[in-house]
Amino acid sequence: MREHVPISKHLIITEKLYNINIDHQKVRKALYKYLALISDDNNFRCYICGYHPVILTFDVTRKVAFKMGKDQCHEEQYDGKVNTKVFWDNVNKCVIEGNPEKYIKPSLHDWAPFIPEISMKSDEVLNTEYLKGNDANDEQEFLECLTEESLEKLLDLADVQNLRSLCQECGIENTSQLSRNRCIEKLINALQNHTKVDNFFVKIWHSSGGLLTASCPHGCVYCLKFLIRPESPRDIGDLLLSLAHPPNIVISDIPHMVAAHVNKREGRNLFNPYCGRVVEASDENIRLAEANALMVSKEWINLRDSKAKSGLNIHGTDIHPLTLVTQRLSLCDRFHEGNTKQKKEFLRKTGQIKELLEINTETAEQVNSFLSKSLSFIDCMSPVHHLLVVKSMLSLRNMEINS
Ligand SMILES: [Zn+2]
């Protein structure tokens, strides 16, 4: 797993090398059981950043997905909370008993992210994917922004035949004459309805919505959220609000949407002040940002490597135990600084804060690149095996970084 070699390839090499026959299925099962039996939860932290990091970078890799049929996307009424301990115990039990679907199946109501026990607020963590694309909910405007971007990437994965049949479904005529690019262009214009986007997503990809990770500036992964549906700021919100102490600095490629979504959803300003911008959105600050001349200092960031003071009583507050401030900033990574056209959102760059100039904001991209080397085997696994193997790979990676 560390070297991204599928177990079958490894076994074939061993057979040839020693001129022996190995029962591949037996070894594969033994490996899965071993992974299910070991406890590696404590690996999901960085020795420098501790249990409650001050800075986390969030990103989705859409390529890391498992096979999932359309009928597995049911909407169920539930309160958006899942017991993560029970869920991950069930993942392990399915693998140990050799029955991948005995206790869990991908669903919107019984599907939990992974957060190490000591870093989460309680065993009941949030997964509100069932609210995505729901016309009745109040996040429509954010989903609309995101859907167009996601949709283009999604459609790009489909072959021309698939695209033509989707065009027909949308009532587009003379589809047999359309080129691939023309199909994509017409579909993006035609698709305003999120329910349709969900259906299309399943048809094109036949798999889940990807993997959302949260990693510290040293590259250690803290949280995993295996998505059933296309990503939205809601997913980052679910992880942030499930943490005992959300980081002061949240880095993502959609920082304006994350801040707006979380503040609206919570009915309080977790991202504060200035809705998580570096400074107030005044004309002068925007002018400075446009001229790349904005630079401020937030000295509390320097406390990120310190130890929490003993005897702290911050229960029920938003005070972070290391920085001792309630400020929360939602910033963009350097790759995605041009993701927004709104001038006030130019005030969300890590490069505008002196203490963040040396910070690695590309850790999420590095996690994605690490996982992409193993796509050939993690993509075709059953959901349960996919969850277990991806988590184990990231656990090994964290161990290496920490050592
Ligand atoms: Zn770290």
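A: Helix H5 (residues 160–169) packs against helix H6 (residues 180–190) at an angle of about 35 degrees, and their axes are 9 Å apart. The model is a predicted one, in which local features need pLDDT of at least 70 and side-chain atom pairs count only at pLDDT 80 or more, while totals for chains, interfaces and linings use all residues. Residues are numbered from 1 along each chain as its sequence is written. Helices (H or I, at least four residues) and strands (E, at least two) are DSSP runs, numbered from the N terminus. Axes are lines fitted to C-alpha atoms, for helices over the stretch in contact, and angles run from 0 to 180 degrees between N-to-C directions.

The crossing of H5 and H6 is left-handed; that term applies if the near helix is turned anticlockwise from the far one by less than a right angle, and right-handed applies if it is turned clockwise. On the H5 side, the contact is formed by Val 160, Leu 163, Arg 164, Leu 166 and Cys 167, and on the H6 side by Arg 180, Cys 183, Ile 184, Lys 186 and Leu 187. Two residues are in contact if their C-beta atoms, placed from the backbone, lie within 7 Å. Sorted by class, this contact of H5 with H6 contains seven nonpolar, no polar and three charged residues. Here Ala, Val, Leu, Ile, Met, Phe, Trp, Tyr, Cys and Pro count as nonpolar, Asp, Glu, Lys and Arg as charged, and the others, Gly among them, as polar.

Two further helix pairs can be described in the same terms. Helix H1 (residues 7–18) and helix H2 (residues 24–37) have axes 10 Å apart and pack at an angle of about 130 degrees. H1 is therefore oblique to H2; angles under 35 degrees count as roughly parallel, over 145 as roughly antiparallel, 65 to 115 as roughly perpendicular and the rest as oblique. H1 and H2 cross in a right-handed manner. Ile 7, Ser 8 and Leu 11 of H1 make the contact with His 24, Val 27, Arg 28 and Leu 31 of H2. Of these residues, four are nonpolar, two polar and one charged.

In the other pair, the axes of helix H8 (residues 233–242) and H9 come within 9 Å and cross at roughly 60 degrees. H8 is thus oblique to H9, and the crossing of H8 with H9 is right-handed. Pro 233, Arg 234, Ile 236, Gly 237 and Leu 240 in H8 meet Met 257, Val 258, His 261, Val 262 and Arg 265 in H9. The contact of H8 with H9 comprises six nonpolar, two polar and two charged residues.

The strands form the next part of the setting. Five of them make an open sheet with mixed pairing, in the order E5-E4-E1-E6-E7. Strand E5 (221–227) and strand E7 (329–332) are the edge strands, each pairing on one side only. From one strand to the next, the twist averages 20 degrees. Helix H9 (residues 255–266) packs on the sheet, where it touches strand E6 (249–252) and E7, and its direction makes about 160 degrees with that of E7. Strands count as paired if DSSP finds at least two bridges between them. Strand E1 (residues 55–61) and strand E4 (residues 210–215) run antiparallel and are joined by five bridges. Helix H11 (residues 363–372) lies across E1, E4 and E5, at about 40 degrees to E1.

The mean pLDDT of the protein chain is 85, and 86% of its residues reach 70 or more; pLDDT is the predictor's confidence in each residue, from 0 to 100.
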